[in-house]
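Me: I would like to learn how to read aromatic rings in a protein model. Can you walk me through it?

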Amino acid sequence: MLAFEEREYRDRIANARKRMAAEGIDVMLCSNPANMCYLTGYDGWSFYVHQLVILTANENEDPVWVGRGMDANAAKVTTFLPDANVISYSDDYVHSKVKHPLEFVGGLLKERGLERAKIGAEMDTFYFPARSLLSLQRTLPNAELVDASTLVPWVKVIKSPAEIEYMERAARICERAMRTAVDNIHTGNRQCDAAAEIFRTQIAGTEEFGGDYTAIVPMLPSGEGTNTPHLTWNDQNFKNGEATIIELAGCYRRYHCPMARTVQLGKAPKKLDDTAKIVVEGLNNAMEAAKPGTTAEEVENVWRQTIERHGIKKESRIGYSTGLNYPPDWGEGSVSVRPGDKTELQENMCLHIIPGIWMDDWGMEISECIQVTPSGGRAFADFERNLIVK
């Protein structure tokens, strides 16, 4: 059930070890499920309990998966790891007030003579709560614990040809899901019914390949709700004269292609129509600028100069690295397209460029997921890039 050939995982592990060596890290604890999957192939809906992958600096050692006993077979099925490297803790660790799975992990590191090691943990992720850190500190008082939350994300940032192919498949699903969304936004239809059809399309995929669940649910702010980006749906009807923002993704083998569009029912207000044209102009210019050697902040500056010529300002970032991920986010936590990010773009980085505009009582979004190429950012998906008026 491996998503890639074993050789690709071993290349990723080697690159992660190079970063570990540069930071003097002896042991890496990957609790982010995206990073666990990236390094080993592990894929299961088990990230609601404690689990992680242990990667040591020793090039002769395979990673070790550690998780709940009932999930051990999932690790044996979805990873390339030998059975001896799949280690589980007993179920009495789950939701216990007297013991913690990271104490179990600390014991494993002690057994391997790593009680004084410099240990990198993903402390700034959704999957490493405060008690995990306290448990490690208590179990390994002589270890040096450091935050290594971004170590693997920066390894992930350049996609292999096989990863690009998965994102291409995600794009085909995304196109279908967005078409379903647009078709189901009409006067009298309930928002929840539109969302149901979007979910069906995302999972059904295409005739050639099926879809996966996305790291973020479809966003469908409508009417006055378009003044903020992260609303979902309710059971109210879509109304003539109102706009609806759609932000969704296609997902294949955990690889995402996100996209946002805005649909207006009835004649578009002039401010919305004018702003949409400016946003598309800025988006096109930013995509054209997204070439190897250009920095993330330079891409943002191209966008900023475009919109400021028209009297529009936007303070939040306009993009981020995307690809392999799990709930609650398809962003990778590395590149941010904003002032101050001097990351030089490299070929086959993949970014979601999403220059949304949100005002006091209205807003709009039009975005593209792009692949950085020598000729600029190439959109993965093919869908009309404009305000959609019905």
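Me: Which residues form one aromatic cluster?

Reply: This is a predicted model. In it, Phe4, Tyr9, Phe80, Tyr166, Phe209, Tyr252 and Tyr255 form one aromatic cluster.

Me: How many aromatic pairs does the structure hold?

Reply: The structure holds 17 aromatic pairs. One of them joins phenylalanine 4 and tyrosine 255.

Me: What describes a pair of aromatic rings?

Reply: Two values do: the distance of the centres and the angle of the planes. Take phenylalanine 4 and tyrosine 255: 5.8 Å centre to centre, with 80 degrees between the planes. That pair is edge-to-face.

Me: Which parts of the chain does this pair link?

Reply: Distant ones. Phenylalanine 4 is in the segment before helix H1 (6–22).

Me: Are phenylalanine 4 and tyrosine 255 buried or exposed?

Reply: Both are buried.

Me: Why is the pair of phenylalanine 47 and tyrosine 326 edge-to-face?

Reply: Planes over 60 degrees apart count as edge-to-face. Here the planes are at 70 degrees and the centres 5.7 Å apart, so the pair of phenylalanine 47 and tyrosine 326 is edge-to-face. This pair too links distant parts of the chain, 279 residues apart. Phenylalanine 47 is in the loop between helix H2 (33–40) and strand S2 (52–56). Tyrosine 326 is in the loop between strand S9 (319–322) and strand S10 (331–336). Phenylalanine 47 and tyrosine 326 are both buried.

Me: Where does the charged end of arginine 378 sit?

Reply: Over the ring of phenylalanine 380, 5.0 Å from its centre. Elsewhere, lysine 99 lies over the face of tyrosine 93, 4.2 Å from the ring centre.

Terms used:
Residues are numbered from 1 along each chain as its sequence is written. This is a predicted model: local features need pLDDT of at least 70, side-chain atom pairs count only at pLDDT 80 or more; totals for chains, interfaces and linings use all residues. Side-chain values use heavy atoms; hydrogens and water are left out. Rings of Phe, Tyr and Trp (its six-membered ring) pair if their centres lie within 6.5 Å; planes under 30 degrees apart count as stacked, over 60 as edge-to-face and the rest as tilted. Helices (H or I, at least four residues) and strands (E, at least two) are DSSP runs, numbered from the N terminus. Buried means under 20% relative accessible area, exposed over 50%, partly exposed in between (1.4 Å probe, protein chains only). A charge sits over a ring if NZ of Lys or CZ of Arg is within 6 Å of the ring centre and within 35 degrees of the ring normal.
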